[in-house]
Amino acid sequence: MSGTIYVINPNSTERVTREIDIAVAPLRMEGGPAIECLTLADGPPGIQSQRDVDGLIPALLKRAAGLENEAAAFVVACFSDPGMHALREQSTKPVLGIAECGVLTALTLGQRFGIVAMLQNSIARHLRYLGAMGMMSRFAGDLPVNLTIAEMADDDLTLGRMIAVGKTLRDTHHADVLVMGCAGMARFRDALERELGLPIVEPTQAAVTMAIGRVRLGWTAALFDEG
């Protein structure tokens, strides 16, 4: 199958891109589409504020424009889905954001979803987005591990915080499925699932899974615009 699903990490931290690449490896298959994970070199080291989200959009659009001819689809691999709507306007290819896809996937795995966020100041952005998506009736809670992207390089610290937050979301907020609120958490999905006994949605995996379906079934915006 021709074309590549480009998974764009909008921050400039290569370690996060490598972790995303490992997370989506099981989705690579004979016959394609190919999946390539890229780092936005002009992005911030970590996306930790609305200013970070808004500021990286021009660079994201420019990078995607240069890939348009080879692309089968784009995945924006940040839980704020920065530039997703603008990229949908720019591109004729499917464009998926990991927050949107992660939450939609969670709805198929449980009744009430919780989000394991990176930082406290991420939560206001998440709540605005969930409200716009109309998801609040099935939203259990959103709690932070309060670690930056750099601090999340410490596996023991990060997993310990994620387990503690996950237990609170499960036991106090009554979430029966959890969504990881940062692409940099990907490597902890299996361990967190074992510890909590709940389905854990790694949102980049969710988005790439949807992108594969869109590509293989030919569901493109251009097709419907022409119809």
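**Sheet**

I started with strand S1 (residues 4–9), which pairs with S3 in the parallel sense over five bridges. The model I am reading is predicted. I picked out valine 7 and found its bridge partner in S3, valine 75.

Next I traced the sheet as a whole. It is open, has four strands in the order S2-S1-S3-S4, and pairs in parallel. Its edge strands are S2 and strand S4 (95–97), each pairing on one side only. I noted a twist that averages 20° from one strand to the next.

Then I looked up the helices on the sheet. H1 packs there and touches S1 and S2. The direction of H1 makes about 165° with that of S2. Helix H9 (residues 203–217) lies across S1, S2, S3 and S4. I noted that H9 runs at about 155° to S3.

**Backbone**

I went to glycine 32 and proline 33, which are joined by a cis peptide bond. Omega is about 5° there. Proline 33 sits in the loop between helix H1 (14–24) and strand S2 (34–39).

I then checked two residues for phi. Aspartate 81 is not a glycine, yet its phi is positive, about 50°. I found aspartate 81 in the loop between strand S3 (71–76) and helix H4 (84–90). Histidine 174 also has a positive phi, near 65°, and is a residue other than glycine. Its loop runs between helix H7 (155–171) and strand S7 (177–180).

Which of these is buried and which exposed? Aspartate 81 counts as buried because its relative accessibility is 5%, under the 20% cut-off. Histidine 174 counts as exposed because its value is 52%, over the 50% cut-off.

**Pockets**

I turned to the largest pocket, which holds about 230 Å³ of space. It is lined by 15 residues, and Gln50, Val53, Ser80, Asp81 and Tyr129 lie nearest its centre. So Asp81 turned up again, this time in a pocket lining. Helix H2 (50–55), H4 and helix H6 (123–133) each supply at least two lining residues. H6 has the largest share, four residues. By class I noted seven nonpolar, five polar and three charged residues.

The second largest pocket has about 150 Å³ of space. Its lining includes Glu19, Ile22, Arg187 and Asp190. H1 and helix H8 (189–196) each supply at least two residues. H1 gives the most, with three. I noted four nonpolar, one polar and five charged residues in this lining.

How values were computed:
Residues numbered from 1 in each chain as written. Predicted model: local features only at pLDDT ≥ 70, side-chain atom pairs only at ≥ 80, totals over all residues. Heavy atoms only, no water. Buried < 20%, exposed > 50% of the residue type's maximum accessible area, 1.4 Å probe, protein only. Pairing = 2+ DSSP bridges. Axes fitted to C-alpha atoms, helices over the stretch in contact; angles between N-to-C directions. Contact = heavy atoms within 4.5 Å. 1 Å grid on protein atoms, 1.4 Å probe; cavity = no way out; pocket = protein on both sides within 12 Å on 5 of 7 lines; lining within 4 Å. Points joined across faces, edges and corners; volume = space filled by probe spheres on them. Nonpolar A, V, L, I, M, F, W, Y, C, P; charged D, E, K, R; others polar.
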